[in-house]
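Here is a short briefing for a first look. Keep the sequence and the 3D view open as you read.

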Amino acid sequence: MASTRTAMAMGREWEQVSVRVAKGEKDWKRVARLRAECYYETRSKGRFTASYKKMFEEQEQRRLETMHIDRRQEKATFLADLGAEEIILGSVDVSKHGKEAGENLEAYVCNLCVSPTARRRGVGQKLMCIAAQYAQDEWEARSMHAHVDSDNTAATTLYTRIGFRKISEGKRKDSPIGRVFLLEAMLPLKDAAVKKEFEEADL
């Protein structure tokens, strides 16, 4: 039922998707649940998958609570939803790297995930662009970095579309053969075309 409602709702205009800073236990729980679902989407643990997913969700919720309670950590978590309907569509973390405003101050973005029922609708782009704008406004960041697995074509395509470029490549810590790209983009991101792509998406 929720998946059907989400798919129908995503036929609305771009502005109907609300992106905001996640605050409080309710938001952190929703974000953690979505991230667990996305993480285990392609990682089967057989009959133990549900248990692993639950543990991942609980650990992620604790991490989010700790991260946002400690005000010394200059980080923020954004979530995308449909406002009053409280259907979570996606989330992303952004953090400050560097001590002083200026050309060397950077932002780092990670944990971008979008609900399977909301993909190819521009949600990821909107999350990224608003997180980048936040980094500019709050920290005066001049650039943004992200890591992406080399075989994650969808994420690589998204990052490239909004202005990221590969600056290095290395091995994944959890895989003997996997590769990971370090990407960089100058701020602001190329968000002008993003809204147009969302409006013209095949719904």
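## Strand pairing

H97 has E106 in strand 4 as its bridge partner. The model is predicted: local features need pLDDT of at least 70, side-chain atom pairs count only at pLDDT 80 or more, and totals for chains, interfaces and linings use all residues. Residues are numbered from 1 along each chain as its sequence is written, and side-chain values use heavy atoms, with hydrogens and water left out.

**Strands and crossover**

- Helices (H or I, at least four residues) and strands (E, at least two) are DSSP runs, numbered from the N terminus.
- Two strands pair if DSSP finds at least two bridges between them.
- Strand 3 covers residues 88–97 and strand 4 covers residues 106–114. Seven bridges pair them in the antiparallel sense.
- Strand 4 also runs parallel to strand 5 (residues 143–149), joined by three bridges.
- A107 has M144 in strand 5 as its bridge partner.
- Between strand 4 and strand 5 the chain passes through helix 4 (residues 123–139), in a right-handed β-α-β crossover. Right-handed means that, with the strands pointing away from the viewer, the path from the first strand over the helix to the second runs clockwise.

**K126 in helix 4**

- Helix 4 holds K126.
- Is K126 buried or exposed? K126 is buried, at 11% relative accessible area. Buried means under 20%, exposed over 50%, and partly exposed in between (1.4 Å probe, protein chains only).
- The K126 side chain reaches the backbone oxygen of V17 at 2.9 Å. This is a polar contact: a pair of N or O atoms within 3.5 Å. Within protein, one atom must be able to donate a hydrogen and the other to accept it, and residues adjacent in sequence count only if both atoms are side-chain atoms.

- A salt bridge is a side-chain nitrogen of Lys or Arg within 4 Å of a carboxyl oxygen of Asp or Glu.
- How many salt bridges are there by this rule? The count is 15.
- One of them joins D81 and R20, at 3.5 Å from N to O. It links distant parts of the chain: D81 is in strand 2 (residues 75–81) and R20 in strand 1 (residues 18–21), 61 residues apart.
- D81 is buried at 2% relative accessible area. R20 is partly exposed at 29%.
- R20 and D81 belong to a salt-bridge network with D27 and R30.

**Salt bridges around E169**

- E169 meets K166 in a salt bridge, 3.4 Å from N to O.
- E169 also forms a salt bridge with R179, with the closest N and O atoms 3.2 Å apart. R179 is in strand 7 (residues 179–186) and E169 is in strand 6 (residues 165–171), so this pair ties together parts 10 residues apart in sequence.
- E169 is partly exposed at 40% relative accessibility. K166 is partly exposed at 46%, and R179 is partly exposed at 31%.
- K166 also lies over the face of F181, 4.5 Å from the ring centre. A charge sits over a ring if NZ of Lys or CZ of Arg is within 6 Å of the ring centre and within 35 degrees of the ring normal.

**Aromatic pairs**

- Rings of Phe, Tyr and Trp (its six-membered ring) pair if their centres lie within 6.5 Å. Planes under 30 degrees apart count as stacked, over 60 as edge-to-face and the rest as tilted.
- The whole structure has six aromatic pairs.
- Why does the pair of Y39 and F56 count as stacked? Their ring centres are 4.6 Å apart and their planes meet at 20°, so the pair is stacked.
- This pair links distant parts of the chain: Y39 is in helix 2 (residues 24–39) and F56 in helix 3 (residues 49–69), 17 residues apart.
- Y39 is partly exposed at 31% relative accessible area. F56 is partly exposed at 21% relative accessibility.
- Y40 and F56 have ring centres 6.0 Å apart and planes at 85°, so they pair edge-to-face. Y40 lies in the loop between helix 2 and helix 3, 16 residues from F56.
- Y40 is buried, with 12% relative accessible area.
- One aromatic cluster contains Y39, Y40 and F56.
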